[in-house]
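Me: I would like to go through the terms used for this structure and see what each one rests on.

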Amino acid sequence: MSELLFYAVCGIPLLLLVLWGVFWTIYGVLFSIAYPFMFLYGALTGSSKRKEWQKKLIIRERQTLSKTGKDVLSMDKLRRPQNVSESGVIWTSIVIGPSHWQQLVAAIYMLFGGSVDVYRDLIALGRSEVFQRLREMATDKGYDAVIGVRLDTSMIGTHRGKTQGSKGIEIFAYGTGIKLDNPA
Amino acid sequence: MPSTVDGIYVVSTETIPGLIIKDQLGVVSGSTVRAKNVVRDFTQMLKNIVGGELPQYTELLVESRNEAFTRMVADAKARGANGVVNLRFATSAVSPGAAELFCYGTAVVTE
């Protein structure tokens, strides 16, 4: 009886420890096999994906523009408040993660200083995307214009050390959507 | 008339269209610190190697902002305001894997 208790007390934690070790070993092996392929995939398809995204974005921008006539977003205050029939705050955001290839390229750029073009392209595209989402949101909700638009960019991520975890750049836009009685 | 959220007019501009501001009751704010679970963090980490949007984090931040916004509205309500003007948002990464979303504005009473 006491022998059984001894094994239960010492054995079960030991077993769990071994299982934990086995789990992480398998994970480590699988990850180190898959990582180079994912890295290469990201490096090879990165720029073509970005171009595709850009093309789609331009098409979407044209669609909303043809629907509304002019750009709905503005940073203005309201000129004629008596026209407004409805208003409400809307917000939208996007989190983009630069691929590890892009992070590597950026790190090399940073050695020499100057403009870090990979990040600039990515963030510029993210900003256009978030503006477009705000426009689409406004038109979906039936707002005629969005006033007082603001942007906010921040770094979020789950860094633990240099390579572990993800790195995300959040771009966030918000504004007040308004419906006009007699849009002029 | 502007539409309300929970009985409160919320705008990101200095004035509420169509209404006259009678009194202001100070700055109201709402904040939240949220994190996704380990599994999501892992899938997003894999997505990050390849690059592109991280949809889980986008979703997380929008959810968290909704929460912060609701808290701010509750704060404004508790002060007896019926409007919030000059709404602003702020984000900070307090620790790896968690983000603080903060939302503030001026509580006002309208006529």
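Reply: What follows takes the sheet, the helix and the chain contacts in turn. This is a predicted model, in which local features need pLDDT of at least 70 and side-chain atom pairs count only at pLDDT 80 or more, while totals for chains, interfaces and linings use all residues. Residues are numbered from 1 along each chain as its sequence is written, with chains lettered from A and ligands numbered from 1 in the order in which they are written.

Me: What makes β2(B) and β5 of chain B a pair?
Reply: Two strands (DSSP runs of E, at least two residues, numbered from the N terminus) pair if DSSP finds at least two bridges between them. β2(B) and β5 (98-110) have twelve, in the antiparallel sense, so they pair.

Me: Why are β1 and β2 of chain B called edge strands?
Reply: The open sheet has the order β1-β4-β5-β2 in chain B, with mixed pairing. β1 (9-10) and β2 (21-35) each pair on one side only.

Me: How is helix α2 of chain B placed against β2(B)?
Reply: α2 (55-78) lies across β1, β2, β4 and β5 of chain B, running at about 145° to β2(B). Angles run from 0 to 180 degrees between N-to-C directions, with axes fitted to C-alpha atoms, for helices over the stretch in contact. A helix is a DSSP run of H or I, at least four residues.

Me: How do you know which residues of chain B are in contact with chain A?
Reply: Contact requires C-beta atoms, placed from the backbone, within 7 Å. By that rule, 34 residues of chain B are in contact with 47 of chain A. The largest share of chain B's side, seven residues, comes from α1(B).

Notes. Contact = placed C-beta atoms within 7 Å.
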